Amino acid sequence: MQFYLDGYQPGDPFVAEPHPSLAERPSGLPETADVLIIGCGPAGLLLAAQLAEFPEIRTVIVDRRDGPLEVGQADGVACRTVEMFEAFGLADQLVHEGYQVNEVTFWRPDPEDRSSIVRTGRINDVEDDLSEMPHMIVNQARMLAYLRDHMRRSATRAEPFYGLHATEVRVDPDTAAEHPVEVTLQHVADFEPTGEVSTLRARYVVGCDGSRSATRESIGRRLEGDTTNQSWGVLDVLATTDFPDIRLKSAITSEQGSILIIPREGGYLVRLYIELDNDRDAEMLRDRSATPDELAAVANRILHPYSIDVQQVGWWAVYEVGQRLCARFDDVPDDEDGTRLPRVFIAGDACHTHSAKAGQGMNVSMADAWNLGWKLATVLRGTSRPEVLRTYSEERQEVARELIDFDREFAALFSERPDGDEADDPTRFQRYFREQGRFTAGVANRYRPSLLTAAPTHQHLAEGFQVGMRFHSAPVIRMADAKPVHLGHAHRADGAWRLHAFADPAHPGAPGSRLRALAEFLASADSPIARFTPPGADPDSVIDFRAVLQQGHRDVTVEDLPPALLPRKGRFGLVDYEKVCCPDPARDVFELRGVDRDAGALVVVRPDQHVAHVLPLDARDELVDFLRGALVEAGTPTGRGPGAAANL
């Protein structure tokens with residue numbers, strides 16, 4: 001983490017100086033905003049945290065609750081989500097507080113006594129080198145608290161407005177309107193209307209308002225799909241038990257039903273996902289009369305011969321499994337696709353719903369916001385073309401569709417009843433769980449070619465950095481200070497593209513170095529850095545150029561580096577010495593990620609950490625042509641300036 005760029009300040013360096021515009025902003029709900037976010041769930045708050053990195057953008061977030069969520073709801077935090085939280089500087093806190101899922105056990109009926117269960121398997125939860133981040137369990141309320149704290153520390157000092165229920169979202173047909181989206185906000189207390197109504201106009205609106213989304217209804221979208229007629233109870237409990245794997249994630253299927261055990265943070269708390277039987281539990285399902293005691297009784301029925309004695313219930317709920325999906329995640333009619341730009345978006349449960357057992361709901365919702373946030377921010381800043389906003393629905397709707405298909409199969413296999421005959425395979429679900437590990441970890445998503453993602457023409461130069469997939473980090477040694485770091489942790493939530501140049505074998509100071517030739521081009525007036533960086537901005541604010549050398553960190557000095565890798569930044573023109581890394585002798589990044597040592601490679605990474613392109617080090621025209629499709633030339637009418645946001 002870098003700080004003090006613009007001058008030393010005493011106190012906590014992770015609390016940004018308030019942006020000057022705060023003095024001019026009203027303390028209450030404003031009449032207009034650049035972005036209005038509806039809903040303070042995982043998608044809404046991650047989006048708000050991302051936009052808080054851009055204090056010149058006026059972001060408002062509202063929620064119909066009276067205050068922050070305190071307990072319950074989702075708890076699984078996939079490896080990919082922890083990677084995203086690292087971009088905000090929040091991963092260490094998350095990992096320190098949460099329960100780390102290391103292994104999973106599987107239990108099935110005992111062949112000798114099918115009324116009892118036995119352990120049939122035990123596997124690693126995450127395969128080796130899938131991510132530098134672990135799979136964690138942290139209460140959703142705590143995840144949201146991390147994001148709110150980040151917002152408060154940002155230059156915007158952002159805070160949600162509670163007690164506001166969005167009832168209608170209307171887009172003005174006048175495309176020249178400065179704030180074309182009008183939102184009606186009903187004031188509520190304890191979810192009951194107070195009679196007061198406010199109106200807010202925004203340039204863009206994002207509905208993160210759950211499965212009953214008024215935003216979705218207002219733009220004419222529908223959740224389509226089926227429920228499975230399966231109901232599940234959820235209990236967060238402090239309990240005593242003789243079940244031996246209570247501190248391991250455990251998937252249990254008996255002749256009486258299924259349970260998923262998720263140990264929780266703190267060493268004592270545990271979550272039980274309990275399948276409810278439509279026959280045995282018909283009365284409580286029909287009358288919606290389930291109680292924690294009744295759910296605990298079902299758990300004991302399934303766990304036989306083991307038992308669990310609940311001492312305290314922290315949170316509980318009953319829900320019905322269903323897989324439903326919207327056809328689009330924005331307000332553009334199908335017949336205007338490609339001719340009209342979106343103004344209203346939906347994210348999270350507002351556009352896709354599924355079961356909780358695979359632990360994907362909170363993670364995929366936050367990934368929606370991660371995809372959309374930088375696009376909105378950079379379009380409003382005037383550095384990205386407005387057309388990039390079309391890619392949100394295209395990219396995330398396909399991911400959600402894949403999730404729905406996966407969840408349908410995962411839920412069916414998990415609940416599949418063993419019949420006890422010779423064909424019954426007790427390891428079937430275990431194998432499926434292992435095979436789908438990349439998907440559940442959140443690292444299997446691949447975005448298709450678009451103006452933000454190129455075709456993998458040069459993929460052979462860096463096989464481990466797959467175009468369209470998330471940038472797979474690797475350990476390296478930072479050259480200037482010999483610090484072991486992870487390469488991907490340079491990707492902050494700042495809206496910048498990254499150019500990672502993996503060098504050819506030549507010494508970077510040698511005349512024949514292809515890395516040096518690339519650096520000299522990137523320092524020239526013809527480079528994409530010069531063409532797409534607004535006047536007066538830091539040279540890495542839009543395109544952040546970095547290099548990984550093949551030499552060891554003791555075999556190169558700062559004096560050997562070209563100026564493009566030692567950029568001067570901030571009001572004092574201080575040198576950034578953290579742009580160059582070298583291989584870790586124990587785990588060479590060139591070997592780990594299949595980078596061509598003879599040719600080197602240039603890996604272009606989007607602001608959301610997905611690989612956009614892999615190029616030869618000398619492919620200058622291809623680099624410029626690709627970036628031209630997404631970025632705005634500096635000095636054009638939509639470039640950054642006092643009126644940039646107002647023009648959109």
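So, is R498 buried or exposed? R498 is buried, at 3% relative accessibility, where buried means under 20% relative accessible area, exposed over 50% and partly exposed in between, with a 1.4 Å probe and protein chains only.

Quick housekeeping. This is a predicted model, so local features need pLDDT of at least 70 and side-chain atom pairs count only at pLDDT 80 or more, while totals for chains, interfaces and linings use all residues. Residues are numbered from 1 along each chain as its sequence is written, and side-chain values use heavy atoms, with hydrogens and water left out.

Back to R498. It forms a salt bridge with D544, closest N and O atoms 3.1 Å apart; the criterion is a Lys or Arg side-chain nitrogen within 4 Å of an Asp or Glu carboxyl oxygen. D544 sits in strand β22 (residues 543-548) and R498 in strand β21 (residues 497-502), so the pair ties together parts 46 residues apart in sequence. Helices (H or I, at least four residues) and strands (E, at least two) are DSSP runs, numbered from the N terminus. D544 is buried too, at 3%. Through shared partners, salt bridges join D494, R498, D540, D544, R546, K569, D576 and K579 into one network.

Now another pair: R408 and D405, at 3.6 Å. Both lie in helix α9 (residues 390-415), three residues apart, about one turn. R408 is partly exposed at 40%, and D405 is partly exposed at 41%.

The whole structure has 51 salt bridges.

Last, the largest nonpolar core: 117 residues, with W497 and F545 making the most contacts inside it. Helix α8 (residues 361-381) gives the most to this core, 10 residues. Core here means buried Ala, Val, Leu, Ile, Met, Phe, Trp, Tyr and Cys joined through side-chain atoms within 4.5 Å.
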